[in-house]
Each structure stands twice: as C-alpha cells, then as structure tokens.
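This report walks through one structure, beginning with a pair of side chains inside a helix and moving on to the strands, the core and the loop. Please keep the sequence and the model in view while reading.

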Amino acid sequence: MKKVIYPGTFDPITNGHHDIIKRSSILFDELIIAITNDNNKNVMFSISKRTEMVEKIIKGLDNIKVEQFNGLLMNYAESK
C-alpha cells in the first residue's frame, strides 16, 4: 500500500493545492492531508475553518483523510 502525507497550513487552500490533491489521489492508495497548527505563522483562518475548507473540496475522493497536527512533521510522519 502506497501512503503519502501532504502537509501544510492550507491558509487558505488554493487551486494549486486542489490540483496536487487530485493528482496524488490517483497515484497513491491513501493520501493524508496534514494541516498544521504552526504557531510561528500568522494565519487568516483557524485550523478548524481550514480543515472544513479542505474537507469540502475533497468530497468524492474516498482515499483521502484530513488530519490536524502540531509540532514537527517528522514526528507526525513517524506516528503514521
């Protein structure tokens, strides 16, 4: 099984992000969109709102999960 993580703040999610998500969902068995709550960035939207926006654009793509994470991406990736 090929699993991949697409990390980012997605603040806001763009057409470019959406294109990468669609292409990746074809190439991999499972795609995890990992939304970070990085406190070092000034974000426009809360992590809840960003998660909601991402979930809205992935409707119909069954092999995608949307998750939130804090801390280092390396630690998050190891947990998956």
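## A pair within helix 1

At 32% relative accessibility, Asp19 counts as partly exposed, where buried means under 20% relative accessible area, exposed over 50%, and partly exposed in between, using a 1.4 Å probe and protein chains only. The model is a predicted one, in which local features need pLDDT of at least 70 and side-chain atom pairs count only at pLDDT 80 or more, while totals for chains, interfaces and linings use all residues. Residues are numbered from 1 along each chain as its sequence is written, and side-chain values use heavy atoms, with hydrogens and water left out.

Asp19 forms a salt bridge with Arg23, and the closest N and O atoms of the two are 3.0 Å apart; a salt bridge here is a side-chain nitrogen of Lys or Arg within 4 Å of a carboxyl oxygen of Asp or Glu. Both Asp19 and Arg23 lie in helix 1, 4 residues apart, which is about one turn of the helix, and Arg23 is exposed, with a relative accessible area of 54%. Helices (H or I, at least four residues) and strands (E, at least two) are DSSP runs, numbered from the N terminus. Ser24 also lies in helix 1, but Ser24 is buried, with a relative accessible area of 14%. A polar atom of the Ser24 side chain lies 2.8 Å from the backbone oxygen of Ile20.

## Other salt bridges

By this rule, the count of salt bridges comes to 5. Side chains of opposite charge can pair when their charged atoms come close. One of these salt bridges joins Lys49 to Glu52, with the closest N and O atoms 3.3 Å apart, and these two residues both lie in helix 2, 3 residues apart, about one turn of the helix. Lys49 is partly exposed at 34% relative accessibility, and Glu52 is likewise partly exposed, at 45%.

Another salt bridge brings together the side chains of Lys3 and Glu30, at 3.9 Å from N to O. This pair links distant parts of the chain, since Lys3 is in strand 1 and Glu30 in strand 2, 27 residues apart. Lys3 is partly exposed, with a relative accessible area of 40%, whereas Glu30 is buried, with a relative accessible area of 9%. Lys3, Glu30 and Lys65 are linked in a network of salt bridges.

Strand 1 (residues 3-8) pairs with strand 2 in the parallel sense over 6 bridges, two strands being counted as paired if DSSP finds at least two bridges between them. Pro7 has Ala34 in strand 2 as its bridge partner. The chain crosses from strand 1 through helix 1 (residues 15-27) to strand 2 in a right-handed β-α-β crossover, meaning that, with the strands pointing away from the viewer, the path from the first strand over the helix to the second runs clockwise. Strand 2 is also joined by 6 bridges to strand 3 (residues 64-69), and these two strands run parallel, with Thr36 standing opposite Phe69 in strand 3. Strand 2, helix 2 (residues 47-57) and strand 3 make a right-handed β-α-β unit.

## The core and the loop

The largest nonpolar core has 13 residues, of which Phe10, Ile21, Ile33, Ile35, Val54 and Ile58 touch the most other members. The elements that give two or more residues to this core are strand 2, helix 2 and strand 3. A nonpolar core is a set of buried Ala, Val, Leu, Ile, Met, Phe, Trp, Tyr and Cys residues joined through side-chain atoms within 4.5 Å.

Phe10 lies in the loop between strand 1 and helix 1 and is buried, with a relative accessible area of 2%. Leaving aside neighbours within four places in sequence, Phe10 is in contact (heavy atoms within 4.5 Å) with residues including His17, Ala34 and Arg50. Phe10 has a positive phi of about 50 degrees although it is not a glycine. Pro12 is found in the loop between strand 1 and helix 1, and a cis peptide bond, with omega about -5 degrees, joins Asp11 and Pro12. Most residues other than glycine have a negative phi, and most peptide bonds are trans.

Methods. A polar contact is a pair of N or O atoms within 3.5 Å; within protein, one must be able to donate a hydrogen and the other to accept it, and residues adjacent in sequence count only if both atoms are side-chain atoms.
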